[in-house]
Amino acid sequence: MELEGVIEGKLSEVKNRGSLIERVVKVFLGFWALFVGLLFPLLILFILYYEARLAIEKFGVINFLKSTNWDPVAEDFGAATMVFGTFISTLLAILMAAPISIGIAIFITELAPKWFKPIISTAIELLAAIPSIIYGLWGFFILTPIMANKVEPWLQDKLGDVPIIGQLFSGIPTGVDVLTTSLVLSIMIIPFMSAVVRDSFEMVPSVMKESAYALGATQWEVVRKVVIPYTASGIAGGLILSTGRALGETMAVTFLAGNNPQIPKSLFDSFTTITVTLANQFTEADTDIYLSALYYLSMFLFLISLILLSVAKYLVLRLEKRWKV
Amino acid sequence: MKKVALAIAALTGTALALEITGAGATFPYPVYGRWAYEFQKATGHKVNYQSIGSGGGIRQIINRTVDFGASDAPLTPEELNKNNLLQFPTVIGAVVITYNVPEIGKTVLDLDQKAVCDIYMGKIKKWNDPYLQQLNPNVKLPDRNIVVVHRSDGSGTTWIFTNWLSKVCPEWKEKVGFGTSVKWPTGVGGKGNEGVTNYVKRSQGGLGYVEYIYAKQNNLPVAKIKNREGVFVEPNIKTIQAAAAHAKWDKSKHFYEVLTDQPGKDSYPIAGATFILLAKDQPERAKKATTFFKWAFENGDKYAEELNYVPMPSNVKKLIFEYWKENGVHP
């Protein structure tokens with residue numbers, strides 16, 4: 001009798017303790033998730049804004065975004081060249097990387113012999129493990145001379161006289177320009193993009209593919225009409241991940257961009273991006289307004305990334321809804 | 001730890017080992033590091049110098065988070081007084097012009113103020129420009145584009161180079177001015193001395209400016225520059241030190257002196273000292289720093305020269321010691 005009571009008491013004690021621990025863990029993890037996920041970015045945004053106040057007051061928002069002038073001596077700063085450079089290099093890199101990544105994913109999931117799959121996927125994933133400074137050095141010492149002496153003169157020769165797009169291939173090919181930078185950036189983002197795309201390709205139910213084959217579809221038709229439509233959101237996800245990476249890439253771009261705050265008029269012009277300007281000029285920014293303008297630039301990068309990722313996320317959600325069976 | 005230090009202090013009869021912190025310019029980092037190493041071996045005091053860049057060094061000493069700040073460009077007396085700071089130079093560096101013209105190889109070129117200014121303004125575009133050819137009558141200059149290279153990152157090297165251009169070239173002063181980074185009228189930007197050098201080496205017809213030490217270590221072809229007395233001077237320890245010896249250092253102006261375009265037939269015109277900043281209102285901390293630099297001025301010249309830095313001439317060192325005494329920060 002007494003013994004039973006004691007056992008019961010102990011049992012409920014253990015139960016209570018269990019639920020207490022559960023509750024504590026819940027609150028604790030919830031707090032950290034909230035802190036890291038929401039408060040931390042807000043805090044960063046606030047600090048960037050706080051440090052940029054001086055420049056915001058002096059240059060305004062529209063004028064700062066419109067002005068192509070970046071003159072530390074005259075203390076007149078504008079972000080147009082850097083924002084444009086960031087966009088154009090990211091866009092070109094994604095345009096170059098997307099078809100290659102999708103091709104790689106198709107090859108791995110549909111075409112490659114079974115024994116070859118792990119080899120090729122590991123090799124591509126290894127690309128992601130290479131530090132970006134190595135890409136920069138490789139691009140600068142190996143790729144730039146090839147671009148300057150072989151590829152770019154050839155492009156200029158073949159395409160330079162074509163109306164409208166000929167303008168893109170004008171100027172003296174130096175190898176440190178928009179084209180080389182985007183090329184190296186695209187190599188850097190291929191592993192991310194192809195990994196995500198490959199994973200989503202592998203999630204296509206084999207029932208669907210088998211049914212298509214049963215209906216007499218060729219391999220190409222299966223890829224084009226079943227696999228790619230089914231995984232559109234996965235492909236979009238891969239694009240987003242890589243956009244984030246390309247937007248923020250600094251070290252490799254510093255070596256290859258030529259670092260000139262100008263709007264490039266051709267693919268062979270040097271240019272600069274937001275992150276490169278920050279990396280180059282933070283250490284020696286000696287006046288308050290100079291430093292503030294740099295903070296202002298980083299605030300814009302933060303906002304651009306935020307907006308871009310939100311838009312992309314929204315697109316993925318819509319795609320997912322549309323393709324849900 | 002403390003006990004051990006105390007025991008050592010008691011044994012050797014010296015004061016407790018100091019820990020001296022400093023931050024700032026990257027240009028003198030190798031020599032400060034070497035001095036700190038030898039200084040610790042000799043005295044047991046420890047110096048912790050972080051080369052975070054001049055801008056950061058200035059900020060940190062203004063906020064009094066370090067014992068000394070370091071800047072490649074001198075602060076003006078007004079700025080120093082406003083922030084209650086003291087300033088003195090430590091070692092001298094120079095900026096040299098290097099080039100890559102396959103047709104002439106390592107032949108030393110003569111350049112004057114107008115030539116360099118016009119090249120960097122984008123007005124002289126070809127190596128066989130009549131003006132360049134007339135400066136170098138014994139060299140056959142080729143019909144090649146000049147690929148102008150400058151620094152893309154903010155740096156003291158750029159500060160010294162553009163300061164010299166502003167002094168000798170009115171158009172430069174009016175349109176560009178000087179600073180750690182400026183709005184370049186032409187050219188591509190390389191990151192660091194190595195970035196500039198590699199652009200120059202790689203592009204046939206390249207021309208760029210780099211630190212003297214870097215050019216020396218890498219054995220780059222270097223131009224002679226015309227100084228204000230009209231002499232073409234090759235950069236070396238003697239000619240750079242001559243610029244410092246001829247300069248009018250002024251204690252009351254906290255040694256605000258830029259060594260560009262200095263008088264003296266043997267003075268190399270594009271030189272510049274690097275500076276230390278101290279907090280005047282914290283003499284105890286400042287004295288820790290001067291303990292280190294007094295030792296360095298008295299014992300460190302050979303280490304500096306090993307690393308191709310140009311030490312201060314002895315008359316300037318004497319002046320610095322007096323300046324410390326006047327301001328109550330002499331160790």
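Because the model is predicted, local features need pLDDT of at least 70 and side-chain atom pairs count only at pLDDT 80 or more, while totals for chains, interfaces and linings use all residues, and side-chain values use heavy atoms, with hydrogens and water left out.

**Chain A as a whole**

Select chain A and colour it by secondary structure: there are twelve helices and two strands, where helices (H or I, at least four residues) and strands (E, at least two) are DSSP runs numbered from the N terminus. Followed from the N terminus, the elements run α-α-β-β-α-α-α-α-α-α-α-α-α-α. The radius of gyration of chain A, taken over C-alpha atoms, is 26 Å, well over the 20 Å that the globule rule (2.2 Å times the number of residues to the power 0.38) gives for 325 residues, so chain A is more spread out than a compact globule. Along its principal axes, the C-alpha trace of chain A spans about 95 × 65 × 35 Å.

**The two domains of chain A**

Next, colour residues 1-59 of chain A as domain 1 and residues 62-324 as domain 2; these bounds come from an automatic or database domain assignment. The C-alpha centres of the two domains of chain A lie 37 Å apart, and their contact (heavy atoms within 4.5 Å) takes 13 residues from domain 1 and 15 residues from domain 2. Between them the domains of chain A bury about 1,200 Å², 79% of it on carbon and sulfur atoms, buried area being the accessible area (1.4 Å probe) that two parts lose on being put together, summed over both. On the domain 1 side, the touching residues divide into ten nonpolar, no polar and three charged, with Ala, Val, Leu, Ile, Met, Phe, Trp, Tyr, Cys and Pro counted as nonpolar, Asp, Glu, Lys and Arg as charged, and the others, Gly among them, as polar.

**Where chain A meets chain B**

Now show both chains and select the residues in contact, 29 from chain A and 28 from chain B. The area buried between chain A and chain B is about 2,100 Å², of which carbon and sulfur atoms give 48%. On the chain A side, pick out Val73(A), Phe140(A) and Glu284(A), which lose the most area to chain B and together make up 28% of what that side buries.

How many salt bridges are there between chain A and chain B? The count is one, a salt bridge being a side-chain nitrogen of Lys or Arg within 4 Å of a carboxyl oxygen of Asp or Glu. To see this pair, select Asp288(A) and Arg59(B), whose side chains meet at 3.5 Å, N to O. The elements that give two or more residues to this side of chain A are strand S1 (70-71), helix H5 (132-159), helix H10 (251-256), helix H11 (274-281) and helix H12 (288-323). The largest share, four residues, comes from H5(A). By class, this side of chain A has 13 nonpolar, twelve polar and four charged residues.

**Chain B**

As a last stop, select helix H2 (residues 29-43) of chain B, where Lys41(B) and Glu38(B), being three residues apart, are separated by about one helical turn. Lys41(B) forms a salt bridge with Glu38(B), the closest N and O atoms being 3.8 Å apart.

Note on methods
Residues numbered from 1 in each chain as written. Chains lettered and ligands numbered in written order.
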